[in-house]
Amino acid sequence: MHAAVVTDVTKPPRWLEFADPLPAAKEIVVSVRAAALSPLARGRASGTHYSASGADSFVAGVDGVGITPDGRRVFFAFPRAPFGTMAERAPVSLDNCTLVPDDLDDVTAAALGNPGMSSWVALRERAKFERGESVLINGATGSAGRLAVRIARYLGARAVVVTGRNESQLEALRDLVDEAIPLSLEPAELETRFDQALRTHRVGVILDYLWGTSAERLVAAIARNSGGDAAPRIRFVQIGAASGADIRLPGSALRSSGVEIMGSGLRSVTNKTLIASIGEMLREATGAGLTIDIVTAPLEEVESAWQRDSGSRRLVLVADA
């Protein structure tokens, strides 16, 4: 078969011949219809993501939409190494497949899977979000962050506060949120806005897609606003690190607050939980109004597509009809 093969992690995958997969026990071979070029797929292919395999030669792609041997249309993830989802076929465990609802096409389902899962799992599985709580989304202007706004609303958030570095994208969210805080503000003003937002909206959950300086200031704001029976318990869920891999975290900020800092991503929950959550999210996607800007390219053009700037849109590689 042909596949997007990585032979050098410093270069894009190339559409090359690769060994045809044979199913192992409790596996099926899925005929791939669409696979999204997500930050996770890029990170694993470049060897920079913590879950990268380190293999010398492998097929790119973490998840996708395909057809099972018995004709079912599924979202699937985590093919057996060295195989990936950006290929004509992929061997995958039955436990890592979930049916795609009839009201979603292949490309939309493939595009929604990874970014939608990030906030769905963070809220429901990690933070144990309860309807009526308020949510602050740090870094809401990317595709995952914008979906997080709609997901938080759909799951019953009383108020949604967002931050963002892209002010035009932040402005586009204003009708969907209770407060939008641009991260370009001067440090003193940004700290004041964080303090006010936490108190005014009684934020119970923070979804952090950025890490870095803005996360440091949010933790400091939590510490300043803690104390007393009226202060809500805040669960700070770390999802992405677009602003930096590390932060400065004073121990006093933890000792003086009830903040709970946790991560949400691969290995923070089981693959079974991830797949079940994606299936649940896809079934609710139409009713929740979950949409994402998409651009497509043929799978065989993966090398050039990999180097294309798709802006804020999610690039989905599509198999020939």
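Contact here means heavy atoms within 4.5 Å. Keep that in mind for the helix pairs below. The model on screen is predicted.

**Stop 1: α2 against α8**

Select α2 (106-126) and α8 (271-288). Their axes come within 8 Å and cross at roughly 110°. Angles of 65 to 115 degrees count as roughly perpendicular, so α2 is roughly perpendicular to α8. The crossing of α2 past α8 is right-handed.

Now show side chains. On α2, pick A109, L112, G113, G116, M117, W120, V121, R124 and E125. They meet T273, L274, S277, I278, E280, M281, L282, E284 and A285 of α8. By class, this contact has 10 nonpolar, 4 polar and 4 charged residues.

**Stop 2: the cavity**

Keep M117 of α2 and L274 and I278 of α8 selected. These three also belong to the lining of the largest cavity. The space inside is about 60 Å³. The structure has 1 cavity of 30 Å³ or more.

Which elements each supply at least two residues of this lining? They are β6 (73-77), α2 and α8. Colour the lining by class: 9 residues are nonpolar, 1 is polar and 1 is charged.

**Stop 3: the largest pocket**

Next, colour α1 (39-46), α2, α3 (143-154) and β16 (314-318). Each of these supplies at least two residues of the pocket lining. How do the lining residues divide by class? There are 14 nonpolar, 20 polar and 7 charged.

**Stop 4: α5 against α6**

Finish with another helix pair. Select α5 (residues 187-201) and α6 (residues 212-225). The two axes come within 9 Å and cross at roughly 50°. The helices are therefore oblique to each other. α5 passes α6 in a right-handed crossing.

Show the side of α5 in contact: P187, L190, E191, F194, D195, L198 and R199. Then show its partners on α6: S214, R217, L218, A221, I222, R224 and N225. This contact divides into 7 nonpolar, 2 polar and 5 charged residues.

Conventions
Residues are numbered from 1 along each chain as its sequence is written. This is a predicted model: local features need pLDDT of at least 70, side-chain atom pairs count only at pLDDT 80 or more; totals for chains, interfaces and linings use all residues. Side-chain values use heavy atoms; hydrogens and water are left out. Helices (H or I, at least four residues) and strands (E, at least two) are DSSP runs, numbered from the N terminus. Ala, Val, Leu, Ile, Met, Phe, Trp, Tyr, Cys and Pro count as nonpolar, Asp, Glu, Lys and Arg as charged, and the others, Gly among them, as polar. Axes are lines fitted to C-alpha atoms, for helices over the stretch in contact, and angles run from 0 to 180 degrees between N-to-C directions. Angles under 35 degrees count as roughly parallel, over 145 as roughly antiparallel, 65 to 115 as roughly perpendicular and the rest as oblique. A crossing is left-handed if the near helix is turned anticlockwise from the far one by less than a right angle, and right-handed if clockwise. On a 1 Å grid over the protein atoms alone, a cavity is a set of points where a 1.4 Å probe fits but cannot get out, and a pocket is an open set with protein on both sides within 12 Å along at least five of seven lines; lining residues have an atom within 4 Å of a point. Grid points are joined across faces, edges and corners, and a volume is the space filled by probe spheres set on the points.
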